[in-house]
Amino acid sequence: MQLRALHIKRFGVFKDKSVAGLRPGLNLLYGENEAGKTTLLQFVRWVLFGEGAMFADHYAPEDGGKQEGSLECESAGNEMVTIQRSVQSKQKTQVRVATPLRTVENQQSLNPFLGYIPAALYKNVYAFTIEELQQLDFVKDDEVKQRIVGAGLGLGAVSLSGIRKSLSDRREELFKVRGKTQTLNALTTEIKNREKEIQEMQKDLVQFDRLHEEIESLTQQRAALKAPLAEASHRVQRLAALAEVYPRFVDWVDAGNALEALHGVPELSESVVEEFHNLKREWAALKKQFDDRRQEVERLQKVRDGIEVNTALLQLEAEVKQINQSHQSVRDIMKDIDTLRRQHGEKSGVILQNLQRIGEGWDESRLREFQKVDELKGRVRKHRADLESAAENISKAQARLDSHREYRAREAVRSVLPPGAMMVLLLFAGLSVAGGVAAWMAGFAGGIVFAVLGVVLAGAAAWWVRTRSRSGTQEDPLEQHYREEAQQAKAARNHLVESWQKWLAERGFHSGLDVDEFDEVMRRMERTRDLLRERDDLSGRIEKMEADLRAARSRVERVASAAPGLELNNDLLVNMERVAERYEDQRQKQEERRNLEKALSEQAQGLEQLKPAVEAQRQKLDRIILEAGTKDEEGFQDQVTSWKRACDLKQQSERARRDIQSRMGVGEAFDAVVEELRSTEPTRLDTECATARERVETLQKQMQEIDQKLGRCQQEQERLANSDVLFDAQSQVEMLKQRLERAGRDWAVATLALSMLDRSLKTYQETHQPAVYRAASDWFRRITGGVYEAVRYQMEADVVDVQTASGDFKPVAHLSRGTREQLYLALRLALIQEYEKESEPLPVLMDDVWVNFDDARRDRFVEVLAQFAQDRQVVVLSCHNASRELCRRHGAHEVVLSTP
């Protein structure tokens, strides 16, 4: 997974900050001091892992809000992933992971994108600052050490130190000198204690007889308490039952008294009452329907009478349809007609200009009648070919004349002086001048004579050549012939031009046009004829549009005359819309009136149908009221209420009687309970019940004390009488001795395994090194330029040292600060390589990690880092221009940070 952009809504000094443009490979985030580079690194850690409450203090937003932000990433499968995290409380954050296909909101769903890397491993190895790099004990972290050594031995996630610690802990669990809780120590102590208990058991047999006598006495006391306890318990149950049923007894008596007060209420059947209520509900529903329909009829009549319809306008339906159908075409015409008129005028102007450029006397009618275009094109092609032929003849004649003149010039020079003699003469003259000048500069006055001699010789040679050249300039007949040929070719060309100009003038064109210009005139004529056809087409279209507009305006005026109060203006489209709206309004009113008349007819029919049903239901109700012996509906309702009250009282009395019988019994038992309850009070029942409970509790306490004493005596007697107790104790001692033997064997096995593991690790260290340290050796050798050859891990001492080029080993503590940092950077690069063989590649972030390197090692490290970044994403944060230029030189992509 690689970073593509960081979006910080609120984190530390940043608010609404975005950093975009991160690419695969090596990236440089450059910014001055206090630009927030370290804050960006911490932000990436926090979004990926949510490192907890430490951010509440160190990176709290300056505006007092809560941290929030997101990372835009791209997975190894080229899938875009957005990771958003926000603080919910001081100890809790919420993470949201969104891909194009799904969105989840928990850390467990984020871990697969991170390759399940632990947070501590990412912080120590993948993302670190210069301060964290200087904490050189990061390899002692259990997670890091497990990844380094375990990878080398092929153990995967198994930790060697964990195995050794497990064996050591197991050995100490079994035995430790002067220990108490270890297995061997504890077993030895327990065996000694058991042997002492056996000795005490053998002394306790004399107590058996005394315990037997005490058990017999306690048994007699227990038997004497049983009868009083049973009698008191029965009394408590009886009084509690009476107190429980007393409220139901009161309900039973009250219901009977109320029934006597209702004596004389006539009996009604449930079916008659139910029939009455059903008939009343049906009558009320029918009556409501009847009233609602009558009100609806009145409302519909009122609405119908308030609707007025313009029938004259509705008769013009065909005209209105044409107006609606032509509305869009009229809109298009009004939109396009001005443009077409403008195009018509523009084309007329262009046509006029082209006619003026064609020649004088040319107008539209002449151009339309002109049909000799093909003849013109043929004449132009012939004239062009004749001109090209004449130009070629002129060129050939001139070439022959020039060639002849060059030949004569060469012959004249060759006849003046032989070439070798001329070269010797010129060479001698040059040497003389040079020697004279050199002698004069050296102070030798005679050198001037040599210089003068050289000048004289050069002048004599030049005069001789010129004299001979003049003698060779006499008239040549062949040159005269070639010159006449050239003049004749030019005269022929001039004749062609004059003939062309005459031909142009005869046809009404400007005589000064050449062939190319006349080609342009013909093309202009063709374009102008095309423009004439286009303009004619535009004229036809414009005339048709104007006719359509006149027809539409006429239809609008005819329809508007049938719509009183409709005002028209100069806008045809608006008038068409107003006419259509007025017609549509009248059509809707007509439709609404028809619907109202139909609904009114239906409601009137329904009203007539409901009237007999309402009267029939009313007659049935009156019949039931008369049969019940009442005068009206109100009297019938009072009679029904009294009858229902009597029924409820009977049910209450029966339920109370059944409750009392279910608790106290039926028949004589029920009659006895009723008589007892009639003669008692609730308070007396409570008092007697409380007294009986106290008596029971006292007897039960005495019984429990006797049972406890009896149980202890019987247990002690059984222990003394049973010889198996002593045997069991002796057996337990033997079992403890066997456990002691097994534990001793386990201790020996753990001790032997620990010793074998130490020897195996020592042998492995002498012959092998983990893959991480082999890779780290290569990186460290390249960074230091071969000063150090290897990195070695001593497993038994759990320390790291390095091998110099001379073969000596040096502890890490003896290295300089810069070299130690280079070593731990090499270890980090190697660990990332080894880890990513089976996990998702993750972005690597480094904050000013090479500030303590010298120039040469800094340059080599950046070169190594650029190679390392070819298979992953590395982001370097720096504020130094030198680092900036160095990263640029090695192909880093730069992103500049501005100060918040």
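Mentor: Start with helix H4 (residues 119–126) and H26, which pack at an angle of about 135° with their axes 9 Å apart. This is a predicted model, where local features need pLDDT of at least 70, side-chain atom pairs count only at pLDDT 80 or more, and totals for chains, interfaces and linings use all residues. Residues are numbered from 1 along each chain as its sequence is written, and side-chain values use heavy atoms, leaving out hydrogens and water.

Trainee: What makes H4 oblique to H26?

Mentor: The angle of about 135°. Axes are lines fitted to C-alpha atoms, for helices over the stretch in contact, and angles run from 0 to 180 degrees between N-to-C directions. Under 35 degrees counts as roughly parallel, over 145 as roughly antiparallel, 65 to 115 as roughly perpendicular, and the rest as oblique. The pair falls in "the rest", so H4 is oblique to H26.

Trainee: Which residues in H4 and H26 meet?

Mentor: Contact means heavy atoms within 4.5 Å. On the H4 side you have Leu-121, Asn-124, Val-125 and Tyr-126, and they meet Arg-828, Leu-831, Ile-832 and Tyr-835 in H26. By class, that contact has six nonpolar, one polar and one charged residues. Here Ala, Val, Leu, Ile, Met, Phe, Trp, Tyr, Cys and Pro are nonpolar, Asp, Glu, Lys and Arg are charged, and the others, Gly among them, are polar.

Trainee: How do you know that the span of H26 agrees with what it should be?

Mentor: Helices (H or I, at least four residues) and strands (E, at least two) are DSSP runs, numbered from the N terminus. The expected span is 1.5 Å times one less than the number of residues. For the 19 residues of H26 (residues 817–835) that gives 27 Å, and the end C-alpha atoms are 27 Å apart, so the two agree.

Trainee: And why is H26 called largely enclosed?

Mentor: Buried means under 20% relative accessible area, exposed over 50%, and partly exposed in between (1.4 Å probe, protein chains only). In H26, 16 of the 19 residues are buried, so the rest of the structure largely encloses this helix.

Trainee: Is Asp-16 buried or exposed?

Mentor: Asp-16 has 58% relative accessibility, so it counts as exposed. Asp-16 sits in strand S2 (residues 14–20), and its phi is near 55°, a positive value in a residue other than glycine.

Trainee: What about Asp-848: buried or exposed?

Mentor: Buried, because its relative accessibility is 12%. Asp-848 lies in the loop between strand S12 (844–847) and H27, and it has a positive phi of about 50° although it is not a glycine.

Trainee: Why is Arg-792 called partly exposed?

Mentor: Its relative accessible area is 23%, so Arg-792 belongs to the in-between class. Arg-792 is found in strand S9 (residues 788–794).
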